[in-house]
Amino acid sequence: MKKHTHPLVAILMGSTSDLKTMQEATKIFDELEIPYNVQVISSHRTPHHLYKYASEVANSGIEVIIAGAGMAASLPGMLAALSVLPVIGVPLSSGPLNGLDALFSISQMPKGIPTATMAINGAANAALFAAAILALKYPDIHESLVNWREAQTIAATHLNNLH
Ligand code: RP5
């Protein structure tokens, strides 16, 4: 039986070229059975679409936003500016600066508009962090996350035993 009937997390990215990296987040949500939706919105190329989306997202049932972007990477910060939902930014290694540009852009938000920043290409951790936020409210997600972490510990212990 499905525990949640509507998406709790929005996974956004600035370009279809970001999809492969951001799918690391969808894999985690599939494992944890957390429903999500995925959209491409370019804050620079489609700013009016971004404004409309961000103005409405808090009333859509979405509780956490993950936003991946490379290069100038304004998408996470703009989403944080336009809504009060928690926004987790993922700097992506697209472009000649290999993600350092996006890392600096997303992490250097001005006082008043906080935006969480993961490692470069850290989409999986973005999903786990989103799950930790949702786990404060939903006991089934708390249980899924604890089980996931225990499985990781067991897998890491087995790896250690090989040496
Ligand atoms: C950013 O520019 C996107 O997030 C992407 O990482 C990068 C390149 O986009 P494309 O030119 O591949 O569409 O806005």
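1. A polar contact here is a pair of N or O atoms within 3.5 Å; within protein, one atom must be able to donate a hydrogen and the other to accept it, and residues adjacent in sequence count only if both atoms are side-chain atoms. The model is predicted: local features need pLDDT of at least 70, side-chain atom pairs count only at pLDDT 80 or more, and totals for chains, interfaces and linings use all residues. Numbering runs from 1 along each chain as its sequence is written, and side-chain values use heavy atoms, with hydrogens and water left out.

2. Ser-17 places a side-chain N or O atom 2.7 Å from an oxygen atom of the ligand. For Arg-45, a polar side-chain atom is 2.7 Å from a ligand oxygen. For Ser-94 the value is 2.6 Å, again to an oxygen atom of the ligand. The protein buries 73% of the 360 Å² that the ligand exposes when taken alone (Shrake-Rupley method, 1.4 Å probe).

3. Residues around the ligand (a heavy atom within 4 Å) include Gly-14, Ser-15, Asp-18, Ala-69, Gly-70 and Met-71.

4. The sheet is open, with five strands in the order E2-E1-E3-E4-E5 and parallel pairing. Strands are DSSP runs of E, at least two residues, numbered from the N terminus; two pair if DSSP finds at least two bridges between them. E2 (36-40) and E5 (116-117) are the edge strands; each has a single partner, so one side of each lacks a neighbour in the sheet.

5. E1 (residues 9-13) and E2 run parallel, joined by five bridges. Ala-10 has Asn-37 of E2 as its bridge partner.

Note on methods. Helices (H or I, at least four residues) and strands (E, at least two) are DSSP runs, numbered from the N terminus.
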